[in-house]
Amino acid sequence: MMPSKGDPSVWLKDLFLNAGLNPDISSFLSTVALVAIVLILSWFSNVLAKAIINNVVSRIVRKTTSIWDDIFLEQKVFTRLSHFAPALVIWFMAGWALKDYSTWLSIVQRLTYVYMVSVGTIVTNSFINAWHEIYKTLPISQHRHIKGYVQLVKIFIYTITILILFSVIFKKDISKIVAGLGAMAAVLLLIFKDTILGLVASIQLSANEMIKIGDWVTIPGRDVDGTVLDITLNTVKIQNFDRTIITVPTYSLVNESFQNWKGMEQAKCRQVKRPLLIDMKSIRFVDEEMKERLIKYEELKDYFDRSENGGNNGNKPDPFFNLSIPTNLALFRHYAETYIKKQPLVDKGQSVILRHRITDGNGLPLQVYFFTNGYQMMPYENLQSEVFEHLIAMLKEFDLKVFQTPTGYDVIESNSL
């Protein structure tokens, strides 16, 4: 059917014919002119769409009280939608500009379709990112991380996009492509093994609240001791206290044991549990000379007062008080327990215990057990060091000795005797 006289392509072709050009060149130049017009209109539509978004949508978003639309704007969801405008212009006007060139029309429409599918994937990705950012503003996000699920949704979308593009470019039925992928299931399982394991592990970690961003964790087998920075589908990023960053597979946190210090941080206290190795040959009963030397210490005054009162603590007998002649180690345990309880950074609501552990031939382990107020490293380490330095220095007052492996100085000293 011949085009009407109002058809721009006919008008342009007649214009070139009247200029003295032959029909073939006139037809080609009219097509080129129409293509140029379509490209100019597509460019103008893109500029117009971005202007509307930047000058109208952005102002409306900034005036609202909700932060959700601000997040959508920050993630460029609206800006990326503007890329549909030139694609739609080309899609609807390509048939008008290239009606005489069916092969080129098919190629342009196919490329435009590929572009629109790609833009749709990018917009969808930005949309998912925006909702993830919104989720992170909710209180539940502090205990339930969903980044692994977000990544899984993105992988699914990218897979569908690749299948669609492959089907369009090569003109293949998408069902046949999917059937072909089913035959390659074993290979795909091998390729995506870490992703599948990471997905299962991520579900377990999230469902059981085993770990979240900001937790202090220790993984002894991997030399990890630091704060969780990020949890993804495949990896967990942890910053050690020496500022190095280590990434471990997500599934390793399920297959291997790790220590999460979250409970300690919530309780606002931290345990001290270290042994003093006492030389068993230095343990003996207390004589009068030692008693006179030790009675001056405030920490032992209560012990000696109860001893003189027959073990009574005020008007009530103390069933745990030993009336027999005490040993120097028993006095030292009482002194250490009283001394530790007096420290202002020690949690008085928790137990303070000094107890014997099973000996392994390296002296008698006297385990010192108490809790500190707060869990910060510097106060904790300083208090622990000060307590043990004091106790070690006080051992000689009780005629006790620390058990340690002989040094060169010990050998020289023994030979000089």
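Q: In which helix do Glu133 and Lys136 both lie?
A: This model is predicted, with residues numbered from 1 along each chain as its sequence is written; local features need pLDDT of at least 70, side-chain atom pairs count only at pLDDT 80 or more, and totals for chains, interfaces and linings use all residues. Side-chain values use heavy atoms, leaving out hydrogens and water. Helices (DSSP runs of H or I, at least four residues) and strands (DSSP runs of E, at least two) are numbered from the N terminus. Glu133 and Lys136 are three residues apart, about one turn of the helix, and both belong to residues 102–136, which form helix H6.

Q: What N to O distance is found where the side chains of Glu133 and Lys136 meet?
A: Side chains of opposite charge can pair when their charged atoms come close. The pairing counted here is a salt bridge (a side-chain nitrogen of Lys or Arg within 4 Å of a carboxyl oxygen of Asp or Glu). Glu133 and Lys136 form one, and its N to O distance is 3.1 Å.

Q: Is Thr112 buried or exposed?
A: Thr112 also lies in helix H6. Leaving aside neighbours within four places in sequence, it is in contact (heavy atoms within 4.5 Å) with Ala87, Ile90 and Trp91. Its relative accessibility is 7%, so Thr112 is buried.

Q: How many residues apart in sequence are the parts that Asp399 and Arg284 tie together?
A: Asp399 forms a salt bridge with Arg284, with the closest N and O atoms 2.4 Å apart. Asp399 sits in the loop between H16 and helix H17 (408–415), and Arg284 in the loop between S6 and H13, so the pair joins parts whose separation in sequence is 115 residues.

Q: Which residues are linked with Arg284 and Asp399 in a network of salt bridges?
A: Arg293 and Glu289 meet in a salt bridge at 2.8 Å, N to O. Both lie in helix H13, four residues apart, about one turn of the helix. The network joins Arg284 and Asp399 with Asp287, Glu289 and Arg293.

Q: How many of the 14 residues of H15 are buried?
A: H15 reaches 20 Å from its first C-alpha to its last, close to the 20 Å expected at 1.5 Å a residue. The expected span is 1.5 Å times one less than the number of residues. Buried residues of H15 include Leu331, Phe332 and Ile340. H15 is mostly covered, with a buried count of ten.

Q: How many of the ten residues of S10 are buried?
A: Phe370 touches Arg270, Val272, Ile340 and Leu383, among others, not counting residues up to four places away in sequence. S10 as a strand is largely enclosed by the rest of the structure, because its buried residues number nine.

Q: Over how many bridges do S6 and S10 pair?
A: Two strands pair if DSSP finds at least two bridges between them. S10 also runs antiparallel to strand S9 (residues 353–356), joined by four bridges. Arg274 stands opposite Val368 in S10. S6 and S10 pair in the antiparallel sense, and their bridges number ten.

Q: Which are the edge strands of the open sheet of five strands?
A: The order is S4-S3-S2-S1-S5, with antiparallel pairing. Strand S3 (residues 235–240) pairs with S4 over five bridges, and Lys237 stands opposite Thr247 in S4. Edge strands each pair on one side only; here they are S4 (245–249) and S5 (259–260).

Methods:
Buried means under 20% relative accessible area, exposed over 50%, partly exposed in between (1.4 Å probe, protein chains only).
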